[in-house]
Amino acid sequence: MVSVLPVAAAPIAPADLPGALAGWPVVLLGEVHDNAEHHRVQAEAVAALRPRALVFEMLSPEQAALVTPALRNDPAALAAALRWETSGWPDFAMYHPIFLAAPEAQVFGAALPRDQVRSAFVSGAAAAFGPDAARYGLDRALEPADQAAREALQQQAHCGALPDTMLPGMVEAQRLRDAALARAVVQAMAATGGPVAVITGTGHVRKDQGIPAALSVAAPGLRVLAVGQLEADPGPDAPFDLWVVTAPQPRPDPCGVFTN
């Protein structure tokens, strides 16, 4: 498993999070993507951590390479360079303060081409990932209980509307994304020596099946702090080191697309 500094898994207030990050080489900062408060918390955490590397789920490696100091200070120009408006991610104004919070940090991207993710759905995560699949544990079949739990999470995330036959492919696509994020962390550590901050959805931060699980295979001994951000109390068995609970972001019923 990923080696961590002593930490008691617990909820934490947003104001207390920056003070809890000192000494961690890798900090995973989860989010509900369209929750503006989560991005504010991430920016404050990044400012406190002062990472040498920032890894974004939202950027491909090619997009990350476009981020220059000059563009960082011009949100409109940076969004245009990243083609953010056509990316499907929420308003760039929520993400821009994170770039500014660590102005000297090297930016890394972990997003994969859609064709590669679709390939994982059909052929499995290992085949889609490529030669390093074993390093990130993708060559290992999941235990039946783990597979069932992950399929249940996928069904829940899609409002119970998916045919059961789609669930294994959805799990493989998620495993692929987790491994890609873990690979970006490994690359960022090698290039900068850390600390590394990762900006990603809270599902990827889960210690039982997300980035930490992939890193436990790829980089045993790497100390990682998993911080989830949620809109409801996850209960005492939350799969994070620390978690922040905020009010839900006002939004239309996300399940409406499945029922209308």
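Colleague: Hi! How many of the 260 residues count as buried?
Modeller: Hello! Of the protein's 260 residues, 48% are buried, meaning under 20% relative accessible area with a 1.4 Å probe, protein chains only. Keep in mind that this is a predicted model, where local features need pLDDT of at least 70, side-chain atom pairs count only at pLDDT 80 or more, and totals for chains, interfaces and linings use all residues. Residues are numbered from 1 along each chain as its sequence is written, and side-chain values use heavy atoms, leaving out hydrogens and water.

Colleague: Thanks! What about aromatic pairs, how many are there?
Modeller: Five. Rings of Phe, Tyr and Trp (its six-membered ring) pair if their centres lie within 6.5 Å; planes under 30 degrees apart are stacked, over 60 edge-to-face, and the rest tilted. One of the pairs is W84 with F92, edge-to-face at 5.0 Å centre to centre and 65 degrees between the planes.

Colleague: Are W84 and F92 buried or exposed?
Modeller: Both W84 and F92 are buried. They also belong to one aromatic cluster with F56, Y95 and F99.

Colleague: And how do F129 and Y136 pair up?
Modeller: F129 and Y136 form a tilted pair, 5.4 Å centre to centre with 55 degrees between the planes. F129 is buried, its relative accessible area being 6%, and Y136 is buried as well, at 4%.

Colleague: Switching topic, what share of the contacts with a separation of 6 or more joins residues 24 or more positions apart?
Modeller: That share is 72%, with a contact meaning heavy atoms within 4.5 Å.

Colleague: Last one: what does the C-alpha trace span?
Modeller: Along its principal axes, about 45 × 45 × 40 Å.

Notes:
Buried < 20%, exposed > 50% of the residue type's maximum accessible area, 1.4 Å probe, protein only.
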